[in-house]
Amino acid sequence: MAQEAATIINEGLDSLVKDPKAVEDYSKETEEMLAKADSLVKSGRHEEAVEELLVLEKKARMACDAFSVSKLVCQVAQIYFDKQELEKLQEAIMVMTKKRSQLKKAICDLVQKCMGWFDSMPTREKKVKFIEVLQQVTEGKIFVEVEHARMTRTLAQMKEDDGDLDGAADLLQEVQVETFGAMERIEKANYILDQMRLVLARGDMVRCQIMSKKINPKLLETDDFQDIKVTFYKYMIKYWLHMGNMLEVAKCYFQTLHTPKVQAEESQWRPALEAYILYLVLAPITNEQTDMLNKVGHMERKTEQLLVHRQLVKDYLRKELIPWPLPVEADLRNHVVFLDSEHKGGEDRWKLLHKRVVQHNIWVLSMYYTRLSTTHMAELLGLTADRTEEELSELVISKFLYARIDRPSKIVHFGQKPTSAERLNAWSSDISGIVTSLEKCCHLIGKEQMVHAARAKLKAKK
């Protein structure tokens, strides 16, 4: 049933991309006319040659002879291009492609031939005008959608070279290249990457996130997509940094790190692994973040070369206070993650690292104390009382831990007070445990009594 439906749909769509069958063959007449046109052009009568070519083109078009029509219209365009009569060339293109019942192969071949002349245009303005004419010809035609997309990309590149980023982005972002079945997947992915790059350059983060969904992550794992994968996650790192989501930034570096091309060279995997570890530490403390940090410890073959970063991970995973300033501060402070050379906001990320260290220390204190004075807590954290209260309040609001501050007495109470139902459940659980233990003891005592009685009977018989 599904196969029948697909066949019906394909038959209905064939008319959009295929020409009807030819009812008459004009190939012989076409070859003779092309030879005659060449001789007319050499004698300086190129307009007469064009007129005779168009007369035969009409006959071949009415007979649906696509190959002959294609050769004739391409020859007309070639004559005007050789004579550098660009105005007449553009006019001829518009006229020939809009003729009644014009064949799709003829339009497609004509457009492809004209696209090869872009670099031969005498001036930039004429090149832009020529591309715009071809875009107008290909607008809305499925059988030349790939050519239309390529010309749009060329125009966008020209606008970008002129410094008009907004114009280039506006031009390129409207092309729904992901729906083009005729375009190769690598070219399609590169096209989407260009769209992402331009919208990132103009600061349109919402559209960048939408465009990133057009690339299938599974496709990035193939061998021929390694360069595309690295570039894609490079753009996504910029996006997530702008959004302030450090955990997603770390995931992007993780994907980059696990690319065979990157793994093969230390100059590539080393910076990726360092950034992955640091952005993972900068992420909020969650179960997922802790799990990922634990997995870093299993990368012994690579992390053993990164002593500073390996030590930072160990300190972060231990249930002990981390001193600030860090013992490895001199090495970390000059790392590219905390500088503005690669991504802006290096100073803010260093402050965020301090914040994460403080949050880790508060979490450690909550595990060892149920009551702690705010003064002593501030001393342990190396902060002022107000800053300590601010950081603690933030963790409580995010529901990372439960704590109450008794301001008059300056005491922090960690842990949530159990409710009546929780106390009752705990009591019931304890009673069930005691009863289970008693039953087990009674069973063992009865077993020992039976064994003792059996041994006594055996002795009496002897």
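**Group meeting talk: a hairpin, salt bridges and surface patches**

I would like to begin with strands β2 and β3, which form a hairpin with 4 residues between them, and in whose turn Lys-410 has a positive phi of about 55 degrees. Strand β2 covers residues 403-406 and strand β3 covers residues 411-414, and they pair in the antiparallel sense over 4 bridges; within this pairing, Ile-405 has Val-412 in β3 as its bridge partner. Two strands are said to pair if DSSP finds at least two bridges between them, while helices (H or I, at least four residues) and strands (E, at least two) are DSSP runs numbered from the N terminus.

Please keep in mind that this is a predicted model, in which local features need pLDDT of at least 70 and side-chain atom pairs count only at pLDDT 80 or more, whereas totals for chains, interfaces and linings use all residues. Residues are numbered from 1 along each chain as its sequence is written, and side-chain values use heavy atoms, with hydrogens and water left out.

Let me turn to charges. Side chains of opposite charge can pair when their charged atoms come close. A salt bridge here is a side-chain nitrogen of Lys or Arg within 4 Å of a carboxyl oxygen of Asp or Glu, and a search of the whole structure finds 33 salt bridges. One of them joins the side chains of Glu-52 and Lys-36 at 2.9 Å, N to O; this pair links distant parts of the chain, with Glu-52 in helix α3 (residues 46-62) and Lys-36 in helix α2, 16 residues apart. Another salt bridge joins Glu-248 and Lys-251, whose closest N and O atoms are 3.6 Å apart, and both residues lie in helix α13 (residues 246-257), 3 residues apart, about one turn of the helix.

Finally, the surface. Patches are made of residues with over 30% relative accessible area and no salt bridge, where like charges are joined within 9 Å and nonpolar side chains (Val, Leu, Ile, Met, Phe, Trp, Tyr) within 5 Å. Leu-424, Trp-427, Ile-431, Ile-434, Val-435 and Leu-438 make a nonpolar surface patch of about 600 Å², and Val-435 has its place in helix α23 (residues 420-461). Why does Val-435 count as partly exposed? The reason is its relative accessibility of 38%, since buried means under 20% relative accessible area, exposed over 50%, and partly exposed in between (1.4 Å probe, protein chains only). A negative surface patch is formed by Glu-24, Asp-25, Glu-29 and Glu-32, where Asp and Glu count as negative.

How values were computed:
Areas by Shrake-Rupley, 256 points an atom, 1.4 Å probe, with all protein chains shown as cover. Charge placed at Lys NZ, Arg CZ, Asp CG, Glu CD.
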